[in-house]
Amino acid sequence: MIEENVKNILASLDTNPYGEKVTLVAAVKTQSPQDINRAIHAGITDIGDNHVQEFRDKYDQIEGHPTRHFIGHLQTNKIKYLLGKTDLYQSVDRFELATELSKRSQKANVTSEILIEINVGCELSKSGFSYEEAVAAYSKIKDLPALKVRGLMAMLPLTDDEDILRPLARKMRVLYDALKKNDGNIRYLSMGMSGDYKLCIECGSNMVRLGTCIFGARNYN
Ligand SMILES: *Cc1c(COP(=O)(O)O)cnc(C)c1O
């Protein structure tokens, strides 16, 4: 079933309406190394973790050297476990994290590639910079040494009401285009989960993070 899901999704993902290739990141929280490896053998090239402890526990059991994303809320005292092992930190949601990631990256002599997380739906339950402060946050973070800002990440509200989702997704694309115009490093608009990824791609996302529609419903026990 995992194999079939991966093949079907990969076959259905083409380019977005802007002609950009859409990258599929498998969101692997709660999944066993065996199931993650099945997804990788079926064609998954990128995986994203939410929890540092899970990332560490499974690290040596993951096969095929996928590109590694971190997509969860990250405490600054855990950065050390990810440094040099994470290709893209998608969830840089506050200055404190950006500053500390920069500092530690510099010390370790690595450049860390990041996305800035935007709380586009203004939801209390979600972290991230507000849409209004996004450009100022970007300008500040982009000047930190040892970080390279590659784009934006957003999670839309959990609803299937397209009249709510579509304007938010389009707003994110507007912001992405505004940054990209003046910065050749900007390449990713990471937006879209199992419930809304098709709509997000239609609105200009070029990276989606899918868990449920690859692995089935999560079991948190
Ligand atoms: C869990 C998670 C996803 C995937 O969610 P699904 O609805 O299972 O596809 C995507 N992004 C983030 C940040 C997540 O935590």
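A polar contact is a pair of N or O atoms within 3.5 Å, where, within protein, one atom must be able to donate a hydrogen and the other to accept it, and where residues adjacent in sequence count only if both atoms are side-chain atoms. By that rule, the backbone nitrogen of C213 lies 3.0 Å from a polar atom of the side chain of S194.

This is a predicted model, in which local features need pLDDT of at least 70 and side-chain atom pairs count only at pLDDT 80 or more, while totals for chains, interfaces and linings use all residues. Residues are numbered from 1 along each chain as its sequence is written, and side-chain values use heavy atoms, with hydrogens and water left out.

S194 sits in the loop between β7 (188-191) and α8 (197-202); helices (H or I, at least four residues) and strands (E, at least two) are DSSP runs, numbered from the N terminus. At 24% relative accessibility, S194 counts as partly exposed, a class that lies between buried (under 20% relative accessible area) and exposed (over 50%), computed with a 1.4 Å probe on protein chains only. Besides its polar contact with C213, the side chain of S194 has a polar atom 3.4 Å from the backbone nitrogen of T212. Contact in the wider sense means heavy atoms within 4.5 Å, and S194 touches R209, L210, G211, T212 and C213 when residues up to four places away in sequence are not counted. Between S194 and I118 there are 76 residues in sequence and 19 Å in space, C-alpha to C-alpha.

## Parallel strands and their crossovers

Two strands pair if DSSP finds at least two bridges between them. Strand β2 (residues 46-49) and strand β3 (residues 67-70) run parallel and are joined by four bridges. Strand β3 in turn runs parallel to strand β4 (residues 88-92), with two bridges between them, and H69 has L88 in β4 as its bridge partner. Two bridges also join β4 to β5, again in parallel, with V92 opposite I116 in β5. The chain passes from β4 through α5 to β5 in a right-handed β-α-β crossover, right-handed meaning that, with the strands pointing away from the viewer, the path from the first strand over the helix to the second runs clockwise.

Further along, β5 pairs in the parallel sense with strand β6 (residues 147-154) over seven bridges, and L115 stands opposite G151 in β6. A right-handed β-α-β unit is formed by β5, helix α6 (residues 134-142) and β6, as another is by β2, helix α3 (residues 52-58) and β3. Six of the seven residues of strand β5 (residues 112-118) are buried, so this strand is largely enclosed by the rest of the structure.

D49 is buried, with a relative accessible area of 2%, and its side chain makes a polar contact of 3.2 Å with that of R68. The residues that D49 touches, leaving out those up to four places away in sequence, include V28, E54, F55 and I71.

## Salt bridges

Side chains of opposite charge can pair when their charged atoms come close. A salt bridge is a side-chain nitrogen of Lys or Arg within 4 Å of a carboxyl oxygen of Asp or Glu, and the structure holds 15 of them.

| Residues | N to O distance |
|---|---|
| E96 and R94 | 3.3 Å |
| E100 and R104 | 3.1 Å |
| K126 and E123 | 2.7 Å |

E100 and R104 both lie in helix α5 (residues 95-107), where they are four residues apart, about one turn of the helix. R104 is partly exposed at 31% relative accessibility, E96 is partly exposed with a relative accessible area of 48%, and E123 counts as buried at 18%. Elsewhere, a network of salt bridges links E3, D35 and R38.

## Cysteines

A disulfide is a pair of cysteine sulfur atoms within 2.5 Å, and the structure holds zero disulfides. The sulfur of C122 is 16 Å from the closest cysteine sulfur, in C200, which is too far for a bond. C203 is likewise in no disulfide, the nearest cysteine sulfur, that of C200, being 6.8 Å away. C122 counts as exposed at 59% relative accessibility, whereas C203 is buried, with a relative accessible area of 2%.
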